[in-house]
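Let's take a walk through this protein together. Have the sequence and the 3D view ready, and follow along.

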Amino acid sequence: MDYSKFFSAALNRLHDERRYRVFADLERIAGRFPHAVWHSPKGQRNVVIWCSNDYLGMGQHPKVVGAMVETATRVGTGAGGTRNIAGTHHPLVQLEAELADLHGKEASLLFTSGYVSNQTGIATIAKLIPNCLILSDALNHNSMIEGVRQAGCDRQIFRHSDMAHLEELLIAAGPDRPKLIACESLYSMDGDIAPLARICDLAEKYGAMTYVDEVHAVGMYGPRGGGIAERDGVMHRIDVLEGTLAKAFGCLGGYIAGKADIIDAVRSYAPGFIFTTALPPAICSAATAAIRHLKNSAWERERHQDRAARVKAILNAAGLPVMSSETHIVPLFVGDPENCKRASDILLEEHGIYIQPINYPTVAKGTERLRITPSPYHDDGLIDHLAEALLQVWERLGLPLKQKSLAAE
């Protein structure tokens with residue numbers, strides 16, 4: 001039997017649906033972010049990255065790089081295995097303490113990625129609660145969906161950030177049934193924020209446990225970078241907070257934080273933790289340096305919000321179809337997968353601007369978009385160049401513009 005035909009057919013389906021993904025070969029340059037080198041088919045070219053989740057540029061910060069180099073030089077590279085076999089190296093202990101402190105929780109637990117922390121965290125917590133009902137927001141990330149699925153519990157989906165619907169489901173579940181509400185604090189494709197205070201109100205009223213994914217908010221919001229929950233003053237009301245080290249903190253890894261017994265139970269039962277090699281010491285030290293810096297420095301957050309606001313203002317003034325967003329995410333509506341990919345290709349090849357197209361299944365069909373994420377290091381000149389390039393691409397592809405705002409006249 002020719003097994004390769006199955007895989008060829010699967011790839012052909014993606015091509016036919018205009019969903020086949022191509023990754024640009026990029027080489028970032030420390031100290032010059034958001035500038036990078038694109039290793040294109042025609043050779044090396046300088047480009048500007050406009051879609052990185054290293055939101056604050058911490059992946060190049062001297063303190064972060066220095067901590068990584070010093071630790072690797074001092075103790076070596078790998079962790080030596082799973083924590084169950086090799087023990088826990090000290091930089092990891094320090095990192096977990098730093099994360100617990102960041103979120104005002106008793107303990108935290110580190111995983112190899114934010115995806116794994118959601119997938120195995122949600123599944124393990126729910127499995128340990130007899131007859132648990134999971135109430136999951138309709139727009140939760142795939143990692144959360146997989147965690148819910150793998151829990152094997154009853155689950156119900158509430159309409160996105162619809163508190164009336166969530167309350168209906170909580171009432172229907174009854175007061176005696178254990179319930180876990182799972183949501184994100186900041187939804188990264190639309191840039192909207194969940195009503196965390198209202199979710200906490202409902203959880204307390206109807207006896208539910210709360211699990212909140214803060215991956216796109218940690219480091220970015222709150223006086224110390226604790227996320228939307230810290231900004232909104234509800235961090236102490238949320239049972240489990242989940243985050244990542246791979247976005248605003250510029251490193252790698254995911255984690256959960258909560259009461260000591262919850263964290264210890266996940267540590268003791270979660271396959272995604274037990275059977276996985278720990279993050280290397282150098283990565284842990286780098287992440288700790290990033291967290292400590294952002295706990296005490298507001299410059300990156302303030303500058304970042306200023307840059308995001310300017311990008312929105314300039315693109316809106318130009319009449320480009322900026323989707324409504326209350327955060328640092330700047331989605332630009334396209335609505336067609338082929339045009340979305342073509343726009344991305346033209347921007348990269350002809351304007352030296354890298355913005356990866358966002359197509360189904362990341363977003364619903366018909367809502368394809370370019371997702372722009374400014375950083376503190378995108379200056380006015382880069383923003384103006386982005387607007388000019390986007391206008392040229394929109395005209396070339398015949399994409400519709402909005403009516404220009406009065407600010408542009």
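Glu338 is partly exposed, with a relative accessible area of 43%. Keep in mind that you're looking at a predicted model. Now look at what Glu338 is up to: its side chain meets that of Arg18 in a salt bridge, 3.1 Å from N to O. Arg18 sits in the loop between H1 and strand S1, while Glu338 is in helix H14, so the pair ties together parts that are 320 residues apart in sequence. Arg18 is partly exposed too, at 40%.

That's one of 25 salt bridges in the structure. Here's another: Arg396 pairs with Glu350, and their closest N and O atoms are 2.7 Å apart. Because Arg396 belongs to helix H15 and Glu350 to helix H14, this bridge ties together parts 46 residues apart in sequence. Some bridges share partners, and that's how Glu98, Asp101, Arg224, Arg292 and Lys295 end up in one network.

Next, find helix H13, residues 299-317. After H13 comes Gly319, with a positive phi near 85°.

For a look at the surface, go to Met1, Tyr3, Phe6 and Phe7, which form a nonpolar patch with about 560 Å² of accessible area together. Phe6 lies in helix H1 and, at 44% relative accessibility, counts as partly exposed.

How far can you trust the picture? The chain averages a pLDDT of 96, but the score stays under 50 over residues 404-409.

Methods. Residues numbered from 1 in each chain as written. Predicted model: local features only at pLDDT ≥ 70, side-chain atom pairs only at ≥ 80, totals over all residues. Heavy atoms only, no water. Helix = DSSP H or I, 4+ residues; strand = E, 2+ residues; numbered from the N terminus. Expected span 1.5 Å × (residues − 1). Patch = residues over 30% accessible without salt bridge, like charges linked within 9 Å, V, L, I, M, F, W, Y side chains within 5 Å. Areas by Shrake-Rupley, 256 points an atom, 1.4 Å probe, with all protein chains shown as cover. Salt bridge = Lys/Arg side-chain N within 4 Å of Asp/Glu carboxyl O. Buried < 20%, exposed > 50% of the residue type's maximum accessible area, 1.4 Å probe, protein only. pLDDT = per-residue confidence, 0-100. Contact = heavy atoms within 4.5 Å.
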